[in-house]
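Here is a short report on one protein chain.

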Amino acid sequence: IRWIASEGLHVERARYDYAGTFTAPGHAAIVSGLGPRESGVTSNRVWNRERSARISSFDDGVHPIVGRTDAFAGLSSLRAETVVDRLAAASGGQARIVALGMKDRSALPMGGHHPTLSLWFDPLAGGFTTSSELRTELPSWVSAFRTEHPWESYRRVWEPLRAYPELGPDEQPGEGAYGFDATFPHDPTGLEDIDAFLCLPSSSEMLLALAERAVIEEGLGADAQTDFLAISIAGTDYVGHGFGPDSWEARDELVRVDAMVGRFLRSLSERTEIAVVLTADHGVAPLP
């Protein structure tokens, strides 16, 4: 983060021009520059009157998620044109567009309407998957990645890199979520809530391993055509909500993610010329 801020344009107090800064409308805003009223993506979940259910904002009820028959995802709710759509049109469809995330509401909007590949994590589908609106089956390399990197192998005990006494005691009122208590270490063994896995720094490690594979397999940056890669890291979100932004957990997560992203960007810059945008879809409030 320090390297990106020192080498590039650092906007210290950027603000979203709408209330309800949730994941789905935030990701739509990043690639479209538009708020929920214009983008069509108004919240993470919406009430569907026909189905009498509260559903994901990207659940179109039509296109099954690959690997599932009981869940759906599609792009019909994204009404806005995105910068990625402009890139695809300007390149005559030659630009490689890959969007990766841990949730459908982070991966789908970032890939625009015509991605080469949009993948997100769904444990009920066996790992990273996509919408049948985009493709009816996963690329062979994604299936191989899921076999070689089973997500359960990333479900590891979380120990901090160091103590963070500058933040006060590890245990603070209100901390703890997803089955974890307020203090380190955090052991996900036996926890059924999948959010406990998404909270772990190792889930971001898995996501960036997928990104490294995608760069190679999809040929990103392999020619003179500008390509697009979006990676939406969810761990900082879950930790922020569960432990607060001033916790030992939030600090340790950010230090770890910073190192992971740094290694990834160095590896990427050795392969091709890159331009980087680092931003957030929303923040988290301090705990009371």
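## Basis

This is a predicted model: local features need pLDDT of at least 70, side-chain atom pairs count only at pLDDT 80 or more, and totals for chains, interfaces and linings use all residues. Residues are numbered from 1 along each chain as its sequence is written, and side-chain values use heavy atoms, without hydrogens and water.

## Overall shape

The chain has ten helices and six strands (DSSP runs: H or I of at least four residues, E of at least two, numbered from the N terminus). Its radius of gyration is 19 Å, close to the 19 Å of the globule rule for 288 residues, so the chain is as compact as a globular protein of that length. The radius is taken over C-alpha atoms; the rule is 2.2 Å times the number of residues to the power 0.38.

Of the 288 residues, 47% are buried. Buried means under 20% relative accessible area, exposed over 50%, partly exposed in between (1.4 Å probe, protein chains only).

## Helix α4

Helix α4 spans residues 83–90 and buries V84, D85, L87 and A88. They share one side of α4, because their arc around the axis is only 160 degrees (directions from the helix axis to the C-beta atoms). R86, A89 and A90 are exposed on the other side.

Cover for the buried residues includes α2, β3, α5 and β6. Just after α4, G92 has a positive phi of about 65 degrees.

## Exposed leucine

L278 lies in the segment after α10 (248–271). Its relative accessible area is 52%, so L278 is exposed.

Methods
Contact = heavy atoms within 4.5 Å.
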